[in-house]
Amino acid sequence: MLILGIQSQQERTIPVADVLVIAGGGGGGSQFNSGGGGAGGVRLIASQTLTLGAVYTCTVGGGGAGGNSANLTVSGKRGASGINSSFSGSGITTINTTGGGGGASTETASTGESATSGGSGGGGARANGTGASGNAGSYSPVEGYAGGNESGASAHTAGGGGGAGAVGNNGTQSNAGDGGTGVDTYNSISFLTWLTATSSGDASKVAGGGGGGTFGSITAGVGGAGGGGTGANQVSPINAGNGVTNTGSGGGGTDRNGTGNGGNGGSGLIILRFPGTYTAQATTGSPTRVVDGGFTYYKFTGNGTLTA
């Protein structure tokens, strides 16, 4: 006999979820025209059939720290890579995304640390001019794009970090490279309504690359749409902008010898979408549950679990 108000396991509908996974963004580099951080990888996998009673784990990657221009080690001036995110559990293939690459740094005109690859790659700097590659997980469709290159010639402005939607822009003689734009679509599936319903993203996108840093008063790179941090020059601001929290965006690069830091990458995000009105048997990590437009969303801004 069933007790009134309690739903048996047999009566529960087998849940089918669409899953959006975003990794943490990379930090921007510091000192002497340093590159913007790359955005974390973005993937959306539809129609994942979950097992009733099984526990599914959401691992949300943090953003990489921006480079510290006062650090006595060259490697400390390069932006740190973002942390991977994943969704895993019984009966499904784990959905992974790769943290964004750190922006390159320059110790002197000819020495420094190269940008690192990631979901999207970090931007190139004066001493290490080439932006790093994106789509480190070798996914199809890609999870992100490469960082932009340093301008060369006299200005040596840095490249912007790659975004989940486009390559970071190259530096030019008049301004550092802007970060690559973020996305609201993956594999021809739009998740714009997801972002709206759950109050997520920035400028209706996620995972923008960080803008590049530049010398003197030359215009610094703007962060890519979706939350990328803006780069800095030697005039204002002192520190580059951070990637927006829970967008997986890259931090901006800077050029403020000894005092300014690269921007931190934004942390990642996981959103599960279920058709109709759905309530999980249990959750941890305090996800936000939203019912909107005929769907139920569970939004994880940090690590947690969902029992189907």
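**Labels and their grounds**

Mentor: Start with the overall fold of this predicted model. With 308 residues, a compact globule would have a radius of gyration near 19 Å; the chain has 20 Å, so the two agree.

Trainee: What does the C-alpha trace span along its principal axes?

Mentor: About 80 × 35 × 30 Å. The secondary structure comes to one helix and 14 strands. Buried residues make up 55% of the chain.

Trainee: Where does Glu150 lie?

Mentor: In the loop between β7 (112–113) and β8 (185–186).

Trainee: Why is Glu150 said to have no salt bridge?

Mentor: A salt bridge needs a side-chain nitrogen of Lys or Arg within 4 Å of a carboxyl oxygen of Asp or Glu. For Glu150, the nearest side chain of opposite charge is Arg126, 5.9 Å away. That is beyond the cut-off, so no salt bridge is counted. Yet Glu150 is buried, which means its relative accessible area is under 20%.

Trainee: What makes the pair of Glu150 and Gly152 a polar contact?

Mentor: The cut-off for N or O atoms is 3.5 Å. The backbone nitrogen of Gly152 lies 3.1 Å from a polar atom of the Glu150 side chain. The distance is therefore within the limit.

Trainee: Which residues does Glu150 touch, leaving out those up to four places away in sequence?

Mentor: Gly124, Ala125, Arg126, Gly129, His156, Thr157, Ala158 and Gly159. Arg126 is on that list, but Glu150 has no salt bridge. Contact asks for heavy atoms within 4.5 Å, whereas a salt bridge asks for particular charged-group atoms, so the two labels can part.

Technical notes: Residues are numbered from 1 along each chain as its sequence is written. This is a predicted model: local features need pLDDT of at least 70, side-chain atom pairs count only at pLDDT 80 or more; totals for chains, interfaces and linings use all residues. Side-chain values use heavy atoms; hydrogens and water are left out. Helices (H or I, at least four residues) and strands (E, at least two) are DSSP runs, numbered from the N terminus. Buried means under 20% relative accessible area, exposed over 50%, partly exposed in between (1.4 Å probe, protein chains only). Lys and Arg count as positive and Asp and Glu as negative; His and the chain ends are not counted. A polar contact is a pair of N or O atoms within 3.5 Å; within protein, one must be able to donate a hydrogen and the other to accept it, and residues adjacent in sequence count only if both atoms are side-chain atoms. The radius of gyration is taken over C-alpha atoms; the globule rule is 2.2 Å times the number of residues to the power 0.38.
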